[in-house]
Amino acid sequence: MTSKAINLTLKVWRQNGPKDKGRFEDYTANAISTDMSFLEMLDVVNEELTLAGRDPIAFDSDCREGICGQCGCVVGGHPHGREKGTTLCQLHMRHFEDGDTVVIEPFRARAFKVLKDLMIDRGALDGIIQAGGFISVNAGGAPDANALPISEEIAEKAMDAAQCIGCGACVAACPNASAMLFASAKISHLALLPQGRPEAAKRALSMIREMDALGFGNCSNERECEAECPKEISIVNIARANREFLKAGFFSTQM
């Protein structure tokens with residue numbers, strides 16, 4: 001694929017802190033190579049702003065390999081941009097056209113405070129994971145990992161759920177700002193495996209209760225979360241988490 005240069009107009013949300021009202025500001029991104037990632041394009045814009053003595057745009061990033069879940073903002077109305085199954089750091093500028101106007105803003109949710117510009121506090125997602133606790137299993141040595149037989153079908157389902165990187169795109173996409181897809185992925189991947197069964201009931205109750213306490217909305221099966229998830233986590237996991245929650249509520253002594 002031949003590289004070319006494009007020029008863009010950016011409408012970027014600027015906010016000095018959680019208590020600032022915030023506003024959109026216009027910037028130009030000139031001579032942007034289509035081989036660049038979206039974050040590399042922002043790096044170029046920030047370098048120009050810095051050289052001009054202006055405040056660069058603050059945004060989240062870490063691995064830039066689609067693994068860590070730290071990057072993410074709403075690009076043109078879509079968390080991580082309009083390309084399916086793609087994190088923001090893996091979104092390339094070849095998906096944009098010369099002369100495009102691109103609106104960029106942070107993930108919006110009551111539980112996600114804007115720290116500055118496009119940076120948000122994802123600590124609420126960590127709180128949900130912490131509420132899930134631990135699993136009681138003696139790991140043993142490396143060969144012991146294969147001592148417990150698990151069918152390929154169950155292993156694949158568990159791995160599909162475990163792909164969740166905790167970026168928060170599901171929350172940003174949901175009209176209710178629900179974290180149910182995130183929580184259900186964490187509940188599912190352990191509930192499916194025998195190692196996770198001893199604490200399964202307590203885990204489901206604790207994580208969903210914590211999700212509600214942190215200010216996330218309720219799931220109403222809109223499916224925007226599934227459509228925008230960069231790892232394409234299925235809402236089948238939400239159904240599984242609901243079953244685990246109901247079973248725990250009715251039958252479990254782990255209250």
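Which residues does phenylalanine 216 touch, not counting residues up to four places away in sequence? In this predicted model, the list comprises Ala111, Phe112, Ala124, Leu125, Ile128, Val171, Ala177, Ala179 and Met211.

Phe216 also belongs to the largest nonpolar core, a set of 35 residues. Within this core, Phe112, Ile128, Val171, Leu181, Met211 and Phe216 touch the most other members. Several helices supply the core. Two or more residues come from each of helix H2 (123–131), helix H4 (169–173), helix H5 (180–191), helix H6 (200–213) and helix H8 (236–251). H5 gives the largest share, six residues.

The cysteines were examined next. A disulfide is a covalent bond between the sulfur atoms of two cysteines. The model contains zero disulfides. Cysteine 63 is in no disulfide. Its nearest cysteine sulfur belongs to cysteine 68 and is 3.6 Å away. The cut-off for a disulfide is 2.5 Å. Cysteine 63 is partly exposed, and its relative accessible area is 27%.

For the sulfur of cysteine 89, the closest cysteine sulfur is in cysteine 71. The two sulfurs are 3.8 Å apart, so they are too far from each other for a bond.

Technical notes
Residues are numbered from 1 along each chain as its sequence is written. This is a predicted model: local features need pLDDT of at least 70, side-chain atom pairs count only at pLDDT 80 or more; totals for chains, interfaces and linings use all residues. Side-chain values use heavy atoms; hydrogens and water are left out. Buried means under 20% relative accessible area, exposed over 50%, partly exposed in between (1.4 Å probe, protein chains only). A nonpolar core is a set of buried Ala, Val, Leu, Ile, Met, Phe, Trp, Tyr and Cys residues joined through side-chain atoms within 4.5 Å. Helices (H or I, at least four residues) and strands (E, at least two) are DSSP runs, numbered from the N terminus. Contact means heavy atoms within 4.5 Å.
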